[in-house]
Amino acid sequence: MTRTWTRQRVPIAIALAIVATAISLVSATTTRDGVAFSVAVDVAIACLAALTQASFKTSHPVVTRAALTLLGLDVAIFITFFLSSSANFNLATGAAMSIVLLGLSFLTGASGQISLGNGAFMGVGAFVMAIWANHHATTPIVVTLLIAVVCGALVGLLLGLPATRLRGPYLAGMTLAFAVAFIFILGSFSSWTGGDSGLQLPTEVTAPRWLDGLFHAGTSPLTTSTLYLTDIAIVVAGVAFFFMANLFTSRIGRAMRLIRDNDVAAELVGISLPRTRVIAFIVSSAYAALGGALFTLINNAASPSTYSFALSVTILSLIVIGGIGTISGAVIGGIIYAFSTNVISWITSQTGLNPQGNFASQLNGILFGGLLIVTMLFAPFGIAGAVRMLWRRVRLRRPG
Amino acid sequence: MDPFLTSRIVSDILGGLTNGVTYGMVALSLVLIWRSTGILNFAQGAMPMFATYVGFGLLSYHWGYWPCVVVCVVAGLLLGGLTERLLVRGLYGKPEINPIVVMVGFLIVLEAIAASIWSSTPRSLPSPFSSVDWHLAGKPLSLSPFTVYEISTALVVMIAVAALFRFTKLGLQLRASALAPEVSRLLGVRVGRLLTLGWMLATVVGVITTILVAGGGFFSGLTPQVMDGIFAYGFIAAAIGGLESPVGAIVAGVVLGIVNQFVDDFVNQNAVIIIALVLLIVALMIRPSGVFTKIAHRRV
């Protein structure tokens, strides 16, 4: 990895410089002047400076990852200012979904198990968020998100404790049963969860005043709540990705990969198999809950029908198509999710199908299910794995 | 007559028995496939659903109930065999998640295709027997000709499967190829064919379950998702009974059905699957290998 980095340092540095220049150029020509844009440029240049230090990557991997995350966030948030409100909404759901996918990717990549109930764990996060916000409207968003994450982790512990210890498809089956049961669980607590109609957030989330002040007075773009929520979702996703990247390379991450590849060897070097597996499952359910809580925030409401078994299946399809067990697969899956409805309606309009017809309404399932089978049979590591393999092949062919 | 037979408890037991046998049959079909191929077939609800739609599609051509049932069974045999040959064959020996993911994909595709061909509005199946409860001294008995038909068909299927495995040469070969595929192959058993046969058999058990479930008055007709909930209960039953044990699967299914009926009657409908989930968690905590299996130690 180190050698790869040294060799590719120059092209990456050039790419980053181009990005920074582009950002400066756009911010110079835009009508929305303000402190925020110069902040964006400064952050980009600072990250670039940190990343081009060759020795830095090896000596301070965490700082390097932080710089990368910051750069990604910087660029992504910058882009959101130029998108339409509906595109931003799609992007926000995609960002929230990519967090969920990241958790599932970690579970499979790290412990070789799979969950079919992450849609229900999203629902746990979503409803904890909505219930808490309805009872304590003044709690800061960050705190509410953390409460949702903790609740998701607790439910994960409850279900994971018996199932993750066993070999075989017990976890998959149990999470499937949980996903099917979730709607009934919500129904049992209908005085809290609002029954079939779900819950609305009491107030619309808007940007705090000091953040608005950073922008040009009067026409501050952050007053549109969609943009603000999109940026929140992107920042939360960035933080989640940063933590996960560190977890993957940490001691426990390495232990998990050893378990996946050879559990007997892992036990022999003293890794506790059940404990590590349960931890992986808890992390995945906590991430799912975080994504669900963001869903509530973005939609300003939580509705039980969203968190059906179909959502769990969609999550599984997205991560398998993106590339299960990889971090980039979660990003790809999130992007696919963000724009899948657009693509499907485009296909419907191009092929002249009746949009209200039976076939068009089932196109989503047929496409996702079919892709799921094809991907697993022919490219088990999805798009991310296929790209990585192509890249390796190109590198091998090139002399030197 | 005796008021005991129409009391709340007896009618719960009878109602629970009717649902329980369907859970038991799904659990049995899961165990059949799990034992022979080491795959938990997540499309075990969707494949029979599809075959049932194919068979009962002939109703529009004025076919009767029994000819339709025969077509369903044939469609189930074909679908099960083709699935094993074309989809599952390449998955043996792959990591645990590959078959799970593929079968979940198959489940989505089958449900979506079924909904796009036959629409997702429930389609009521004709019933050869009345599903109106018998009355004893003016009170309903919670037992109708249809439920008797349901329970007795389930019993016949279970006994037939058991007899096939226990008393026939084919059953012996099936057991042998599940237990020791290499040795069986050396001894001249066509293991590949038997695996296909196992999937066909399990699908047919599923088809019969689907016909019973969709035909009864309890669930309203045939829909693409008709087996989703039943599959969940079937899995719970199979896991409680131990995925290795056919008898355990059936017993756990019946018990689960009766427990569910009591919960439905005495608590509420929403609590049914929650209690079932709790039962699964408790059972796996106390006896992870299943209530009905002998504990096998894993050799390294």
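**Figure 1. Crossing of helices α6 and α8 in chain B of the predicted model.** In this predicted model, helix α6 (residues 169-179) and helix α8 (residues 191-215) of chain B have axes that come within 10 Å and cross at roughly 105°. The two helices, α6(B) and α8(B), are therefore roughly perpendicular to each other. From α6(B), the contact draws on B:Gln173, B:Leu174 and B:Ser177, and from α8(B) on B:Val191, B:Leu194 and B:Gly198. By class, the residues of this contact of α6(B) with α8(B) comprise three nonpolar, three polar and no charged.

Figure 2. The buried residues of α6(B) are B:Leu174, B:Ser177 and B:Ala178. Because they cover an arc of only 100° around the axis, they lie on the same side of α6(B). An α-helix has 3.6 residues a turn, so residues three or four places apart point the same way. On the other side of α6(B), B:Lys169 and B:Leu179 are exposed. The packing partners of the buried residues of α6(B) are α1 (8-37), α5 (145-167), α7 (181-186) and α8 of chain B.

**Figure 3. Contact between helices α1 and α8 in chain B.** The axes of α1(B) and α8(B) come within 9 Å and cross at roughly 170°. This angle makes α1(B) roughly antiparallel to α8(B). On α1(B), the contacting residues are B:Thr22, B:Met25, B:Val26, B:Leu28, B:Ser29, B:Leu32, B:Ile33, B:Ser36 and B:Thr37. They meet B:Leu195, B:Gly198, B:Trp199, B:Leu201, B:Ala202, B:Val205, B:Gly206, B:Thr209, B:Leu212 and B:Val213 of α8(B). The residues of the contact of α1(B) with α8(B) divide by class into 12 nonpolar, seven polar and no charged. B:Gly198 takes part in this contact and also in the contact of α8(B) with α6(B).

**Figure 4. The side of chain B that touches chain A.** Contacts between the chains involve 38 residues of chain B and 41 residues of chain A. On the side of chain B that touches chain A, α4 (97-118), α9 (228-241) and α11 (271-286) of chain B each supply at least two residues. The largest share of this side, 15 residues, comes from α4(B). The side of chain B that touches chain A is made up of 28 nonpolar, seven polar and three charged residues.

**Figure 5. The largest nonpolar core and the surroundings of B:Ile236.** The largest nonpolar core contains 195 residues, of which A:Ala177, A:Ala233, A:Ala289, A:Leu290, B:Ala27, B:Val104 and B:Ile236 touch the most other members. Helix α14 (residues 273-299) of chain A gives the most to this core, with 16 residues. B:Ile236 is in contact with A:Ala177, B:Leu256, B:Ala276 and B:Leu280, leaving aside its neighbours within four places in sequence.

Figure 6. The secondary structure of chain A comprises 18 helices and two strands, and buried residues make up 45% of its 400 residues. Of the contacts in chain A with a separation of 6 or more, 76% are accounted for by residues 24 or more positions apart. A:Gly109 lies in helix α5 (residues 85-111) of chain A. A:Gly109 counts as buried because 22 C-beta neighbours lie inside 10 Å. Not counting residues up to four places away in sequence, A:Gly109 touches A:Ile324, A:Gly325 and A:Thr326. The C-alpha atoms of A:Gly109 and A:Gly323 are 9.8 Å apart in space, although these residues are 214 residues apart in sequence.

**Figure 7. Helix α4 of chain A at A:Ala76.** A:Ala76 belongs to helix α4 (residues 61-80) of chain A. A:Ala76 has 17 C-beta neighbours inside 10 Å and therefore counts as partly exposed.

Figure 8. Most residues other than glycine have a negative phi. A:Asn300, a residue other than glycine, has a positive phi near 60°. A:Asn300 lies in the loop between α14 and β2 (301-302) of chain A, and with 16 C-beta neighbours inside 10 Å it counts as partly exposed. Phi of B:His62 is likewise positive, near 60°. B:His62 is located in the loop between α2 (46-56) and α3 (65-88) of chain B. B:His62 counts as exposed because it has 6 C-beta neighbours inside 10 Å.

Terms used:
Residues are numbered from 1 along each chain as its sequence is written. Chains are lettered from A and ligands numbered from 1 in the order in which they are written. This is a predicted model: local features need pLDDT of at least 70, side-chain atom pairs count only at pLDDT 80 or more; totals for chains, interfaces and linings use all residues. Two residues are in contact if their C-beta atoms, placed from the backbone, lie within 7 Å. Helices (H or I, at least four residues) and strands (E, at least two) are DSSP runs, numbered from the N terminus. Ala, Val, Leu, Ile, Met, Phe, Trp, Tyr, Cys and Pro count as nonpolar, Asp, Glu, Lys and Arg as charged, and the others, Gly among them, as polar. Axes are lines fitted to C-alpha atoms, for helices over the stretch in contact, and angles run from 0 to 180 degrees between N-to-C directions. Angles under 35 degrees count as roughly parallel, over 145 as roughly antiparallel, 65 to 115 as roughly perpendicular and the rest as oblique. A residue is buried if 20 or more other C-beta atoms lie within 10 Å of its own, exposed if 12 or fewer, and partly exposed in between; C-beta atoms are placed from the backbone. The arc is that of the directions from the helix axis to the C-beta atoms. A nonpolar core is a set of buried Ala, Val, Leu, Ile, Met, Phe, Trp, Tyr and Cys residues joined through C-beta atoms within 7 Å.
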